Each structure stands twice: as C-alpha cells, then as structure tokens.
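Hi everyone, thanks for coming. Could you put the sequence and the structure up on the screen, please?

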Amino acid sequence: MAGMACARTLLRRGIRPLLVAPQQEAATRGETLSFRASPYLETLGWLELLDAETALPSQGHYSVWGGGALRRGAVGHEEMPGWHLDRQRLEARMTTSLDADGVERIFAEARQLSRSPAQVVVELTDGSSIAAEFVVDCSGRAAVTSGADASLRRLDRLVACYSIFTLDNDVEAVAATLVEAVATGWWYTSMIPGGRMLVGLFTDSDLLPPGFRKDVKLWAEMASQTTAVSARLASLGIDLTASTELQFASATTVTATKLVEPRIVRAGDAASALDPLGANGLATALWSGIRAAESVARCILHDDAAAMAHYEQRFLQGIASHLATQTALYASENRFQDAPFWQRRRGLWLEN
Ligand SMILES: Cc1cc2nc3c(=O)[nH]c(=O)nc-3n(C[C@H](O)[C@H](O)[C@H](O)COP(=O)(O)OP(=O)(O)OC[C@H]3O[C@@H](n4cnc5c(N)ncnc54)[C@H](O)[C@@H]3O)c2cc1C
C-alpha cells in the first residue's frame, strides 16, 4: 500500500519510479480502512476504487473492553466508521491503475542495499542489482533496509491467530467490527466483502498454549469463553471448529530507529508497524507513501534536503501520538490484573 502510494505520487511529480516487489498477492486479513485514509486516496485519485467488491462501508465498531458490557464505538474512543476491505482486490485494482500510468515494475526481492554518495545499489535475491538515485523502503515489517545503521526496535510479540469464514447466502450480517478483551489478549471479528467474516485472537506468541498452532479446536474452545464474540458467531451460524486451518500473522509493534538516511527513506510498516488495535496502519501507509515520495521529489527537483528531515519529524510525531493512544487504550482495560498479556502493556512504552 505504501509502495504503490509512493510510486503514483512520484510519477505525478514527474519522477520515474521503479517498483520492486515479489510477485505475490496481498493477504486479506479483515483489515478496516480508517475514514482518515479517504483524503489520501482522493489525493491519489483512488477513492473510486472503494466499491462493493473491494470495500464495505462500515456500519460501526463494537467492543467489550474495560468492563463486561457490549458498547458501541471503537475501543477507547468514538470515531467515524471506515471500510471493511478486501485488501487483495483493492491492491489488484491499484496495480492495474499503476500499470495504466506506465509505472515500471519488476517482480523481485531485494536482499540488501549499499550506498555511495551518488546512488544506492539494491541487490536482488536473483543476483542482479539496480542502481537508483533514491530508495523508498516500503517492504513492511521486515524492512529490507534495516541493518547496521538503522535497526528495528520491537516492543511486543503480538500475533494474530485467525481464520476466514464464508457466511451462508441467507445470513444477513452487520458490517461492523467487534473487539472483545480476554485474559490472553483480544478477539476481533470483522466483515470482509463477499459475505465473509474474519475471526481472530490477538495475543503474544509466547503465551500461545503448547500445540496451539495446529489445534483449531483449542482456538475454538478459547473463543467459546467470550461473551459478545461467541454470541455474534452463533447468530451468524459460524462454527469455528469447521475451519480447516488457523492462519498466523505477526502483529508486533516495530519501529525503525531511523526513518531517513542519506538517499534512503522508509515508509509504511517498514518505518513503523503499530498495533492493529488502532486500525491505522493502512492510512499511515498511504500517508507516508505520499509524503516520502514528496520529500524525495523535493530533494531531486529543488535540492531541498530539509524535506526529508521534515518528513521524519512529522512521522515521529505521529508515532509518538499513536503510542500514547495505544498505551491509554490498553490501560483502560483493568480487569485482567494478573494476566501477563495485560501486565506487559501497562507502562510498556513509557519504560522503553
Ligand atoms: C493481523 C493484522 C491486522 C491488521 N488490521 C489492520 C486494520 O484493521 N486496519 C489497518 O489500518 N491496519 C491493519 N493492520 C496493519 C496493516 O496491515 C499494515 O499497517 C499495512 O499493511 C502496511 O502496509 P505497507 O505497505 O507498509 O506494508 P505491507 O503491506 O507489509 O507491504 C510490504 C510490501 O513489500 C514487499 N516486500 C517485502 N519484502 C520485500 C523485499 N525484500 N524486497 C522487495 N519487496 C518486498 C511485500 O511483498 C509487500 O508487497 C493489520 C496488520 C495485521 C498483521
């Protein structure tokens, strides 16, 4: 998402980008696109890509958090609902749009970078290499450019353990998210276009019970101990034990120690991957993809090196504000005082 936003913005500034990524489809993980993303999509001319196939307008958020009652509203604060995404389809549409723009793409994986005063050389896993004036690293949580100069700082071990279910044709589901806090973490359910629902447990990887990764029944058993989530699943006729396999995705909070180095800029999760509880990662990926491209364009076209520093400063302010909100959200759940998942999150970011 960050890479595509960046490529389109560079092209519009008259700079020829080369998009490098392996040929693989994006995973659909029941992500919600925040309403905050709409001005960025509008800037990119991509707002119209949100249609019935790619994005369901959300009817709201519900949560059981900080008490046993089901409440309307996102965890911790009221906000305007956004969209429930089919990420794979949306990214396919963005790719088609970039192809129509004539953005050059190569399907490859970057292995490492080396920098000289005049250029950056990107070494690819197939043994070839590319020389570029600038590199914007949008490679996600693993951040291909991290290494000696900029390391990655991990703040937790959050992992999503999820499965996606297709609802029966005659079942009418409210297009809303539901988050429910439990001692081991939190459960999340969200609609996906095409009559599908994601059901997931977010917990720390070291807190998963032995054998959990291959044990759908244990996962279903843990879900059955929830109140609102299990009621929602029952009302939609979803039987978690019918899932053929559990999927896992790292959801750790990771931040690169430097967002900008000479000729290298990081955007999206490669710069800072934050807790999905805030449902802000995609909007941040779009924002930072656009802003990173603009700062590179200012450097190239106007010799304005300060643009990079300005981008970094804005991003760092955003991360600080997000981490403060994240700390407050976790602190607003006081029920599971003895549970390691919650103890770790009390004051975690302040201590680090
Ligand atoms: C389980 C889960 C649920 C989430 N829910 C939400 C949500 O509801 N709302 C929300 O806003 N956010 C959510 N997020 C966060 C959101 O998914 C991320 O913030 C977002 O995907 C970041 O986009 P990105 O473009 O920076 O990185 P990515 O989407 O990770 O894309 C990275 C790209 O880089 C490519 N790449 C990787 N390595 C290399 C390499 N070595 N060389 C070349 N290319 C490479 C990949 O193929 C990919 O195309 C969630 C995250 C998780 C894990």
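Before that, some housekeeping. This is a predicted model, where local features need pLDDT of at least 70 and side-chain atom pairs count only at pLDDT 80 or more, while totals for chains, interfaces and linings use all residues. Residues are numbered from 1 along each chain as its sequence is written. When I say helix or strand, I mean a DSSP run (H or I, at least four residues, for helices; E, at least two, for strands), numbered from the N terminus.

Let's start with helix α4, residues 216-223, where Trp 219, Met 222 and Ala 223 are buried. Buried means that 20 or more other C-beta atoms lie within 10 Å of the residue's own; exposed means 12 or fewer, partly exposed is in between, and C-beta atoms are placed from the backbone. Why do these three sit on the same side of α4? They cover an arc of only 100° around the axis, the arc being that of the directions from the helix axis to the C-beta atoms. As a general point, an α-helix has 3.6 residues a turn, so residues three or four places apart point the same way. Lys 217 and Glu 221, on the other side of α4, are exposed.

What do the buried residues of α4 pack against? Their partners are β13 (158-166), β15 (185-192), β16 (196-204) and α5 (228-235). Contact here means C-beta atoms, placed from the backbone, within 7 Å.

Now α5, with Val 229, Arg 232 and Leu 233 buried. These buried residues fall within an arc of 95° seen down the axis, so they line one face of the helix. Ala 234 and Ser 235 are exposed on the other side of α5. The buried residues of α5 pack against β14 (176-182), β15, β16 and α4.

That brings us to β14, where six of the seven residues are buried. β14 runs parallel to β4 (residues 60-64), joined by five bridges, and pairs with β15 in the antiparallel sense, also over five bridges. Strands pair if DSSP finds at least two bridges between them. Look at Glu 180 in β14: Val 64 stands opposite Glu 180, and its bridge partner in β15 is Trp 187. A hairpin through two residues joins β14 to β15.

Terms used. Two residues are in contact if their C-beta atoms, placed from the backbone, lie within 7 Å.
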